[in-house]
Structure formats: C-alpha cells, structure tokens
Amino acid sequence: MKILEPTYEERYVRKQATRARHAPPITIPKLVYTPGRKQQIIKVGIFARLHGDEEAGTHAAFDLIRWAWNDPEEIHDFSLHVYPICNPSGRNLGTRHSINDRDLNREFWTGSQEPEVVYLENELKRERYHIIISLHADEDSDGVYGFVSGDVLSAQVLKPALAAAEKHLPINREPLIDGFLAKDGIVTEGYQGVLSAPPDQHPRPIEIVFETPNRASMEKQVAANVDAVKAILAQYRLLLAHAPNL
C-alpha cells in the first residue's frame, strides 16, 4: 500500500498545533483606569508594541495612564484599558516579530494559535470596547498618519488627532501610504489580520491604528501619540454630545 506524504499545508497545521500545545502560558500586561461612577462609561482599549521594536507606543501608554490618574476630571466618562507591551518576546528580542517569528498584527481572527494573539482576542471578546486604538511606528514614513475601520465615524475622530499630533511631527500627506490610498494622512483600507474588534461585535467600535515615523526622536513620537489619543477621546465625546442631531 502506498503511503502518502503529508502536504506542506498539512505539515504546517500539525506544526502549529504542536506549537500551541507546548506554548507556555502568556500574560500581556494591562493597566486600567476606571472613574468612580459607573453610568455611561466609554470603554477604550489602547494597544502598544504589538511589533516588539516599536518603543514609542509603550512610553505613550504609560504617560496616558498617568494622565488619567493625575487629571481624573479630564477623563471622567472613559475607562482606559492600556496594554503597553502586546508582544513581550519581540520586545525582549528587539524585533518586530514575536519569538515564533510571526508578525502578530497579521494574525487576528484568522484562527491563529499564537499565544499573544489568543490572549488578546479573549480580551477583545470579553471587554467589547467602544474605541480601539493601536499605537505603531512606521520605518518608512516621514510623518504621522492613521488607518481607520469599524464605525463610520472613525475618520472624523482621527482627523483632529492628526491635527493634535502635528504640533510635534508633520502629517504624512502622500496619496499612497504603505500601498494604500490615503488622503491627508487618513487611510481607509488596510492589512488583513490586524488587531480589531471581534467580527461579531455590533455596533462596530471606533477603530484607529495611529502611526508615528519611527525615525523621528522618541520624545516627539511619544508626545504625538499622547496628544493624538487625547484628541480622539475629546472628539468622540463631542460626537456623542451631538449624536441626537446627526
């Protein structure tokens, strides 16, 4: 009887399954600020360093949680859930990819068994955020820009965020960014498998991937990230206040 050799796809699936069974448990650090009152709280997930070599987002994440604690009146209607290091192994190695040599920001909602992705997917399913902000840095860009998805108002929320960040770094106004059509630093199409809300979450949240130029100084990248997130929250609050008239 002829024994058939497993195909490449079958070998890959088996390898992934074996890796998942033997993968050590992982915990992604999480910092939470929730105001005292519980009514009408807007839940915001802020995710940084999904690529292990993008340091600015981590510093910005810690600055944002300190801001929340020190100025609670500025954030009284938001609950911040901050994930400052989403790729611990990549951060320790100083690499974009994880220790398994995977670009984690192409793995979400694809059936991936990468432990970081599984952990974060469970967080996203449990928390059902109203706003999801991912902080990244682009090696090739000379300015800040962002990807929008989810709720149709995402672009309206990103626009003032870019204006706020422009105090520190220019906006990338190229018509093509990362191979996608862009206008005034806003990209409405993006990569598959990026960190996002669960596919079955309705209504869809505001989803923004905010990018700083990785070649800029760390100080300017951090400041741009922080001011962009603050502007996103302020604009979202403003849109909610005007919602009955929209």
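Predicted model: local features only at pLDDT ≥ 70, side-chain atom pairs only at ≥ 80, totals over all residues.
Colleague: How many aromatic pairs do you get here?

Modeller: The count is seven aromatic pairs. One of them joins Tyr145 and Phe147.

Colleague: What makes Tyr145 and Phe147 an edge-to-face pair?

Modeller: Their ring centres are 5.7 Å apart, and the cut-off for a pair is within 6.5 Å. The planes make an angle of 65°; over 60 degrees counts as edge-to-face, so that's the label.

Colleague: And why is Phe147 with Tyr191 called tilted?

Modeller: That pair has 6.4 Å centre to centre, again to be set against the 6.5 Å limit. The angle is 55°. Stacked needs under 30 degrees and edge-to-face over 60, so the rest, this one included, go down as tilted.

Colleague: How do you know that the pair links distant parts of the chain?

Modeller: Look at where the partners sit: Phe147 is in strand E5 (residues 145-150), while Tyr191 is in the loop between strand E8 (186-187) and strand E9 (206-213). They are 44 residues apart.

Colleague: Which of Tyr145, Phe147 and Tyr191 are buried, and which partly exposed?

Modeller: Buried means under 20% relative accessible area. Tyr145 comes out at 0% and Phe147 at 9%, so both are buried. Tyr191 has 33%, so it counts as partly exposed, given that exposed would take over 50%.

Colleague: What else goes with Tyr191?

Modeller: Tyr191 belongs to one aromatic cluster with Tyr145, Phe147 and Phe180. There's also Arg106, whose charged end sits over the Tyr191 ring.

Colleague: How do you know that Arg106 sits over the ring?

Modeller: The distance to the ring centre is 4.0 Å, against a limit of 6 Å. The call also needs the charge to be within 35 degrees of the ring normal.

Colleague: Switching to strand E4 (residues 131-138), why is E4 called largely enclosed?

Modeller: Because eight of its eight residues are buried. Ile131, Ile133, Leu135 and Ala137 point one way, Ile132, Ser134, His136 and Asp138 the other, and all are buried.

Colleague: What makes E2 and E4 a pair of strands?

Modeller: Pairing takes at least two bridges; strand E2 (residues 42-48) and E4 have five, in the parallel sense. Ile46 stands opposite Ile133 there. E4 and E9 also run parallel, joined by eight bridges, with Leu135 opposite Phe210.

Methods:
Residues numbered from 1 in each chain as written. Heavy atoms only, no water. Phe/Tyr/Trp six-rings, centres within 6.5 Å; stacked < 30°, edge-to-face > 60°. Buried < 20%, exposed > 50% of the residue type's maximum accessible area, 1.4 Å probe, protein only. Helix = DSSP H or I, 4+ residues; strand = E, 2+ residues; numbered from the N terminus.
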